[in-house]
Amino acid sequence: MIAALRAVLARDVTLAFRVGGGGGIGVVFFLAVVTIVPFAVGPDLPLIARIGPAVLWIGALLASLLGLDRIFAADHEDGSLDLLLITPIPLEAIAAAKGVAHWITTGLPLVVAAPLLGLLLGLEPQALAAATATLLVGTPALTFLGLIGAALGVAMPRGGLLVAVLILPLTIPILIFGVAATTAAVTDPLPFGTPFKLIAALSLASFVLGPIAAAAALRQLRD
Amino acid sequence: MALLDLANPHRFLALARAFIPTLALIAAVLLALGLVLGFRAPPDYQQGETVRIMFIHVPAAWIALGAYSLMAISTLGTLVWRHPLADVAAKAAAPIGAAFCLLCLVTGALWGRPMWGAYWVWDARLTSVLVLFLIYLGILALWRAIEDPGQAGRAVAILTLVGFLNVPIIKFSVDWWNTLHQPASVFRAGGPTIHPALLTPLVITAAGFGALFLALHLAAMRNEILRRRVRSLRLIAAADVEAR
């Protein structure tokens, strides 16, 4: 079973990198979102540095919503989803493996790009480190919550926007704790650890809930 | 009577026919009484006449939350027991719950303007109701996105349950977020206990709102059953034309 899951993971990662740039587009989108913020708020560096963690988090959140609808839809179109459904391996495990692959190809590049983009926003080194750490811990939660939306939108021809609308309200806690931990690391007297542990908890919880709900959705929609 | 008996749409429709006018009448009487009592209640010593908005605002919030809980229970019925009326109940409750949620937000904004000087403040409570409204809109969008009613019902069931698990987390995180940024909030945690003169109209209008919700919900369920019948008759008719 481990070998099969590793094969699913390797296949999805390979597909993501060979077809259409994979994580690259997400990072470019992230860069574009960060770039337009100074145009909107003005070239006031102290202000931009103050809202920097929030900008990084919003950019990462939007970028991670971008490719969600393709996680299962591509497999649905070429028929490989049917093969995955009839394998003896639990669909929950396959969904989890696909989620991990999606995080490696879209979430991880965002985390890697975050310090560079943070420099553009004039963040202090401490804030940079905190923002990167919270993104590293928080983006899996975004991916695994998004997995549910991806499964629900699998049969829809234009599911992209709908998936984003369904998932965005559910990601609010992650955004709140992510930005709170980052600002706590720099300015607030509050400890960094509490919100950071809460995002870690949310990530772990969504790692359990996401694949179960996604597998249930895939099975239900196939009936 | 067991819930299983209601699985027969005929029996349900007969029951709905009996209950809808009764519930509507109860709602009309209670709301009329609440309206009169609400205007005869003394103005609040701090908030003056605007406190009367509470008689609409608070019951609307209760119904918005209650409707979501009803949807969550119904969708559990869809997924676990495959009760044929469960997804009809969930579908019928969604737009009504969303409407009460919007009513709560709008009356809250109208109440906030004279009290806080702004239509909208990013208070924890307001924000979590707004997020609930967003979740309602997402559920409504998903109902419309999938054509087959059975398939749509099962997809929405999963989303509703995931949302139901998430609502307490959202509520907690939003509370946390707000107390973090505005320690000296204008809103007191407990607030003064409500005087009986204001509590009585509130309870009566809340009961009226509850009866109104049930009447609207049963009517919407009846309409949905009939709509599905029309749909299947149309499909049969189309198949007949095809066969000829």
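**Exercise 1. Describe how chain A meets chain B in this predicted model.**

Solution. 
Step 1: Count the residues. In the contact, 20 residues of chain A meet 23 residues of chain B.
Step 2: Find the elements. Helix 7 (125-152), helix 8 (160-167), helix 9 (172-186) and helix 10 (193-222) of chain A each give at least two residues to the side that touches chain B.
Step 3: Pick the main contributor. Helix 10 of chain A supplies the largest share, 6 residues.
Step 4: Sort by class. This side of chain A has 19 nonpolar residues, 1 polar residue and no charged residues.

**Exercise 2. Work out how helix 3 and helix 9 of chain A are oriented to each other.**

Solution. 
Step 1: Two packed helices are described by the angle between their axes and the distance between the axes.
Step 2: Read them off. Helix 3 (residues 45-66) and helix 9 of chain A pack at about 150 degrees, with axes 9 Å apart.
Step 3: Classify the angle. Angles over 145 degrees count as roughly antiparallel, so helix 3 of chain A is roughly antiparallel to helix 9 of chain A.
Step 4: Name the residues. Helix 3 of chain A contributes Pro53(A), Ala54(A), Trp57(A) and Leu61(A). Helix 9 of chain A contributes Leu175(A), Gly178(A), Val179(A), Thr182(A) and Thr183(A).
Step 5: Sort them. The contact has 6 nonpolar, 3 polar and no charged residues.

**Exercise 3. Summarise the build of chain B.**

Solution. 
Step 1: Count elements. Chain B has 6 helices and 0 strands.
Step 2: The C-alpha trace of chain B spans about 75 × 40 × 30 Å along its principal axes.
Step 3: Check burial. Of the 244 residues in chain B, 37% are buried.

Terms used: Residues are numbered from 1 along each chain as its sequence is written. Chains are lettered from A and ligands numbered from 1 in the order in which they are written. This is a predicted model: local features need pLDDT of at least 70, side-chain atom pairs count only at pLDDT 80 or more; totals for chains, interfaces and linings use all residues. Two residues are in contact if their C-beta atoms, placed from the backbone, lie within 7 Å. Helices (H or I, at least four residues) and strands (E, at least two) are DSSP runs, numbered from the N terminus. Ala, Val, Leu, Ile, Met, Phe, Trp, Tyr, Cys and Pro count as nonpolar, Asp, Glu, Lys and Arg as charged, and the others, Gly among them, as polar. Axes are lines fitted to C-alpha atoms, for helices over the stretch in contact, and angles run from 0 to 180 degrees between N-to-C directions. Angles under 35 degrees count as roughly parallel, over 145 as roughly antiparallel, 65 to 115 as roughly perpendicular and the rest as oblique. A residue is buried if 20 or more other C-beta atoms lie within 10 Å of its own, exposed if 12 or fewer, and partly exposed in between; C-beta atoms are placed from the backbone.
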